[in-house]
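Hi there,

Could you take a look at this one when you have a minute?

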Amino acid sequence: VKSLPAFRGFPQRVYTEGIHSNPLVNFKGNKATPIKYRYDYATGAHTSGTLIDALRYWVCEYFQLADDLEVREIVEGYSSEILLKMRNKLIPINNVGFGVSQILPIIFSTLLSTKNDCLIIDEAEIHLHPAMQSKLADFFAQMAALEKRVILETHSEYLINNLVLLLTNNPNLKKSVKMYWTKMEEDGSKVEEIKYDSMGYFTNAPKGFVEEQRNTAEKMAAVRLSK
């Protein structure tokens, strides 16, 4: 991975299924490491615990992907396997939905990262239903507030809208979370900071982002009125 000019000097980790090394490999060496894994927007306080505490909170309690989880080392220091406990059965993540098996390594890598790392995550929301995409906004916002560096590329309207909601309700987050549009123009792509008013309405959204949602709502309203 070539270093981005703005982030040279920061170690960069990229996880893509089937291309880069599995971030779960080093679970055993880090499972007892104390980390900050939860941020309270109201007080600015954080919750600390072990890596397994953090995984259980986010995977089981918050995202509700399983009742419990277990991580086993298949080959010590080389290969680890996450098992999700569902209805009293332990199920390997490769036997559950692809969205779940994709998001778990992302949660793991983000929790384990430090403020000197820079994680680059491409479309974390793929294969996740809308409610889960919305929850991802809260996860990444809390991680940013805990000084974790993440560059997140997304096409998810749910994720973006919920980040705006969090930023509107918690102005202190604006120090940790920055959002940008990438717009295609005649001379190439242009990066522009996302702007919105005090009510959370976008003021510089790219063509088709806000309009499409409004157009669909208006068409649906017309159908309902006709009935």
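Let's start with helix α2, where Leu51, Ile52, Ala54, Leu55, Tyr57, Trp58, Val59, Cys60 and Tyr62 are buried (under 20% relative accessible area with a 1.4 Å probe, protein chains only). That makes 9 of its 12 residues, so α2 is largely enclosed by the rest of the structure. Helices here are DSSP runs of H or I with at least four residues, strands are runs of E with at least two, and both are numbered from the N terminus. α2 covers residues 51-62 and reaches 15 Å from first C-alpha to last, close to the 16 Å expected at 1.5 Å a residue (1.5 Å times one less than the number of residues). Just after α2, Gln64 has a positive phi of about 55 degrees.

A word on the source: this is a predicted model, with local features needing pLDDT of at least 70 and side-chain atom pairs counting only at 80 or more, while totals for chains, interfaces and linings use all residues. Residues are numbered from 1 along each chain as its sequence is written, and side-chain values use heavy atoms, leaving out hydrogens and water.

Next, the pocket (an open set of points on a 1 Å grid over the protein atoms alone, with protein on both sides within 12 Å along at least five of seven lines; lining residues have an atom within 4 Å of a point). The largest pocket is lined by 30 residues, and Ile151, Leu152, Lys178, Met179 and Tyr180 lie nearest its centre. Two or more lining residues come from each of α4 (130-145), β8 (150-153), α5 (157-169) and β9 (180-185). β8 gives the largest share, 4 residues.

Cheers

Note on methods:
Buried means under 20% relative accessible area, exposed over 50%, partly exposed in between (1.4 Å probe, protein chains only). On a 1 Å grid over the protein atoms alone, a cavity is a set of points where a 1.4 Å probe fits but cannot get out, and a pocket is an open set with protein on both sides within 12 Å along at least five of seven lines; lining residues have an atom within 4 Å of a point.
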